[in-house]
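Please look over the sequence and the model shown here.

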Amino acid sequence: MPISFYTIAFLFLFIINRGAYCQTISNTQDSSIKVKDSNYIKRLDTLIHLQTWISTTRVEYTLVYSKDFKMVLAPNEINSLSLGFSYRYLDLGISFTPNFLNAGKDEDKKGQSERFSFRTSFSMYRFNLSFDISSIKGFYLKNSAQLRGAFPDSPYVLFPNLSVGNVNFLLRYNVNPNFSTAALTGGTQIQRRSAYTILPTFQFAIFKFHDGTENTGIQNESTYSTDLNLLLPVMGTWVISPRFSASLGAGPSVGVDFFKSVALDASNRVVLSKGTALSVGYTLQTAISFNHGRLFTGLESRYRSYGHSIEDVSKLIKQYSYFQLYIGWRLKAPSAAKNSLDWVNKVSPIDLD
């Protein structure tokens, strides 16, 4: 299984402070770094944060042909172990898939899935722009048991040649400056008082579904799906104590999908179909965080589901769920690290802090 790399916001991406991952501490650092805590948010980005997390990502594509017949396609699950480092405007991370986290995946039943992902983000004030690329090859029919009459010889129907590639942009705005989005998933900020916000998010995503398996004279079929969606989640954080907080958010999404299918028939002639459809769905996010001195840890989960018609399918439902357990430690930055980033900030045309 190939190693995947993500959450890499590299040094020269000009990540600016006050974003979700780019805040600074107030009264424990050099006065040349202009920082200020508020009654609602404590900023800690001028401490070095070392963090590790275990995550599971599930992907499902449901093709609804009628109320009596649907196909739920999913890859074999792969769990990831990640290591991260952040200091001021620098944020680095690496992820890999060790065998001890992926034992008992039933590859003999569900087949083998290959995954690759890359993710990075850019924050400026209350805006956050994230970008990620992912690809998955190898799916199985998750509801094979419901279709046992059609497929009696195997516990799961396998689609080893089916691949899905995805390029995704999300532009998010935090309406409330007293609400910390960074406190949901790490230790760079701490929410001091309970608050809520609206996080209007614009999504632009491109999917490529490709199946190289010959099927009734049609081969090398590729379907392209372009999503334009507006998400309107409401997010709230309840500060239970100075150490504990819990968060919950949910909201609808609405948009439009443009799709195009290209295939070659038995005579190598191009078969083309395309169309436009309304897309509707919802998103859900939960988080629990704990802070005690230099230690920070927590749980976070996300779920997204939205659907639209496509080609001869009554509805294509795209579902994504993500769960992570993270733990980290804050360290005082050595003078060499501070001086190096001070120099980069000085020569940069943009104030990175």
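The report below covers the basis of the model, a strand and its partner, and the salt bridges.

## Basis

This is a predicted model, in which local features need pLDDT of at least 70 and side-chain atom pairs count only at pLDDT 80 or more, while totals for chains, interfaces and linings use all residues. Residues are numbered from 1 along each chain as its sequence is written, and side-chain values use heavy atoms, with hydrogens and water left out.

## Strand E13

Strands (E) are DSSP runs of at least two residues, numbered from the N terminus.

E13 pairs with strand E10 (residues 195–198) in the antiparallel sense over four bridges, pairing being assigned if DSSP finds at least two bridges between two strands. Val 234 of E13 is the bridge partner of Ile 198.

## Salt bridges

The structure holds five salt bridges, each defined as a side-chain nitrogen of Lys or Arg within 4 Å of a carboxyl oxygen of Asp or Glu.

One of them joins Lys 318 and Asp 227, whose closest N and O atoms are 2.8 Å apart. Because Lys 318 lies in strand E17 (residues 313–332) and Asp 227 in strand E12 (residues 219–231), the pair ties together parts that are 91 residues apart in sequence. Lys 318 is buried, at 0% relative accessible area, and Asp 227 is buried, also at 0%.

Notes:
Buried means under 20% relative accessible area, exposed over 50%, partly exposed in between (1.4 Å probe, protein chains only).
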